[in-house]
Amino acid sequence: MCGIAGILSDSIDLRGEREAIWRISRSLRMRGPDAAGEYVKRNVALLHRRLAVIDVERGAQPMRFGNYIIVYNGELYNTDEIRQELLHSGYRFETSCDTEVVLKAYHKWREKSPEKMNGIFAFAVYDEQENSLFLCRDRIGVKPLYYSFVGGTFAFSSRMESLLYVKGVKPVCNEEGLNEIFMLGPAKTIGKTVFRDIRELPPAAYLTVKNGAVSVKEYWKLTAAEFEENALQAQEHTHFLVRDAIQRQLVSDVPLCTFLSGGLDSSIISKVAADTYADRGETLHTYSVDYVDNDKYFQQSLFQPNKDSDYINLISDYIGSEHHNVVLSNSAVAEALIDAAIARNSPGFTDVDSSLLLFCKEVKRNFTVALSGECADEIFGGYPWYHRTEILFEETFPWSRTTDVRRSILRDGFLKNGEEYLHSAYLDTVKKTDVLPTDSPLEKRMREMFVLNLNWFMQTLLVRKDVMSMESSLEVRVPFCDWRIVEYAYNMPWSIKAYDGREKGILRKAFENELPEVITWRKKSPYPKTFNPVYLQEVCKMVDFVLSDKSSPLAEMLNVDAVRHLMQHPDSLTEPWYGQLMRAPQVLAYILQIYVWMRKYKVEIAN
């Protein structure tokens, strides 16, 4: 994986903007510590930071072919198929890296080229002859791409921070951005960011810049179709797609490992990977994360019924992996909230972010690539809200059902239209869900839930995984985000998907003969969080400082008395702020991250 950025401007001579270009490139250094490259002319600059994974010696970027120059971030999992098709069309290749395949695929098929690709990617191609740019993101949105268009200057980057070094782009947060933070966060609306001047290129979309005009178009979307297989065929088809996706993603010229939580999803990935490694006479390395004294303080709940640590050694022994358990200091997790917010360039997923950041840094000591089990829950119905009938049909986001907690920490009258903003975001998503006339009310709702989870909850997790891993210069691949699996699961009837009434039932059934029964049918447990009171104590100390800073814009937004009450009575918060895990310690950590973000980027609040 890499970091990419670029500028196209008719009003600025970029040859005289060396300091800005250097700052942009430097802001991407952790995404690509192995090499840096640039293409700079009067009106265009393309920048690349490389994390070398495939064809380490010859994959330098920017890469040229004819009039086209590309900067590319990602991994293509059907490289060989596309290369063969291009060879038959007369193309020749100088490297074995996927960058050259993407570049020549674009040369042949132009804007149709992304439809050929199976992978995780964000790339930009500059056409010297037309003086135009083409930008594109993968279907699911695993790899990020942000852009700005201010004063006739177009810029793009893998990170929002990079764009703040472009002339004319300001760190302004308006009411829309504040609603994104306080009413939706840590989720966000696809296409939007917390900065007024910065946008996100949506997943499955491409963007063109030509003659001073910017155009964004969708090249793929989920479409409802009749499901023509029975339960047994669905089981076999699911097994094939998942196994094929995992095996495709095991290709690497540098050391590769897997994350292993002891849950179903990571166990499937690790089992397939371990078998593949064993066939080569090699041993797979697996990694898990935990916290100091977590056994002592663990609290069972509906959302977290048991500890991962009870199952990790069982599955590791079963697949024969060499396992590494990373145990994090609770104080370090609290301190890393600051680094995590800066890495994300926005308030984030609190200790779910900071712990992953520390975890990835440990994994990076020995490995450059890892496979992780994200996104199976969203597409195979793994979360409790898929199965709790009392909330399934509520007209709101199921992971953030009310704004009561959010309102409780805000001053009266702040963001008066916040609830309207939130509900509009929900309705816009539901309205775009493609359904069949023959869908029952349950099937229709399950399609809506699928899209809600794909476009919101899953995007939050993907941003988290990309940012925290790449900040550690670690590439993390997510096999369950293979678009073929997503498309197939979308049209699978709920009665088959929830086999035996279980969350991810069809996935369990598909792999039940390859895993221990206790792993296959274990009740879902989310990413492990810390229950140690030391973490809360450390967060409270930092939030106390935040509340004492009257110069921060945050001082005019918060109900200080309510925040202090939460610090003193954390058990008073009975419903999560977001998802399954964001309770009082995480709400307080979120306030801290908002403060850090505002201070770091000198955020201006627009009226």
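Predicted model: local features only at pLDDT ≥ 70, side-chain atom pairs only at ≥ 80, totals over all residues.
## Terms and model

Helices, which are DSSP runs of H or I with at least four residues, and strands, which are DSSP runs of E with at least two, are numbered here from the N terminus.

A search of the whole structure returns 10 cavities of 30 Å³ or more. The second largest cavity holds about 220 Å³ of space, and among the 18 residues that line this cavity, P186, A187, K188, R344 and S346 are the closest to its centre.

Helix 5 (175–184) and helix 16 are the elements that give two or more residues to this lining, and helix 16 provides the largest share, with four residues. By class, the lining of the second largest cavity comprises 10 nonpolar, five polar and three charged residues.

## The largest pocket

The largest pocket has a volume of about 820 Å³. Its lining is made up of 32 residues, of which I190, E218, K432, V451 and N455 are the closest to the centre of the pocket. The lining divides into 14 nonpolar, eight polar and 10 charged residues.

Helix 15 (418–431) and helix 16 (441–470) each contribute at least two residues to the lining of the largest pocket.

## Helix 21 and its surroundings

Helix 21 covers residues 533–548, 16 residues in all, and the distance from its first C-alpha to its last is 23 Å, close to the 22 Å expected at 1.5 Å a residue.

The buried residues of helix 21 are Y535, L536, V539, C540, M542, V543, V546 and L547. An α-helix has 3.6 residues a turn, so residues three or four places apart point the same way. The cover over the buried residues of helix 21 includes helix 10 (330–344), helix 11 (350–364), helix 22 (560–568) and helix 23 (584–600).

## Cis peptide bonds

The peptide bond from Q61 to P62 is cis, with omega near 0 degrees, and P62 belongs to the loop between strand 3 (44–50) and strand 4 (63–65).

Another cis peptide bond joins G185 and P186, where omega is about 5 degrees. P186 is placed in the loop between helix 5 and strand 11 (199–200), and P186 is also one of the residues closest to the centre of the second largest cavity.

N131, a residue other than glycine, has a positive phi near 55 degrees, and N131 is found in the loop between strand 6 (119–127) and strand 7 (132–137). The relative accessible area of N131 is 24%, so N131 is partly exposed.

L415 likewise has a positive phi, near 55 degrees, in a residue other than glycine, and L415 sits in the loop between helix 14 (404–408) and helix 15. Is L415 buried or exposed? L415 counts as buried because its relative accessibility is 6%, and buried means under 20% relative accessible area.

Key:
Residues numbered from 1 in each chain as written. Heavy atoms only, no water. Expected span 1.5 Å × (residues − 1). Buried < 20%, exposed > 50% of the residue type's maximum accessible area, 1.4 Å probe, protein only. Contact = heavy atoms within 4.5 Å. 1 Å grid on protein atoms, 1.4 Å probe; cavity = no way out; pocket = protein on both sides within 12 Å on 5 of 7 lines; lining within 4 Å. Points joined across faces, edges and corners; volume = space filled by probe spheres on them. Nonpolar A, V, L, I, M, F, W, Y, C, P; charged D, E, K, R; others polar.
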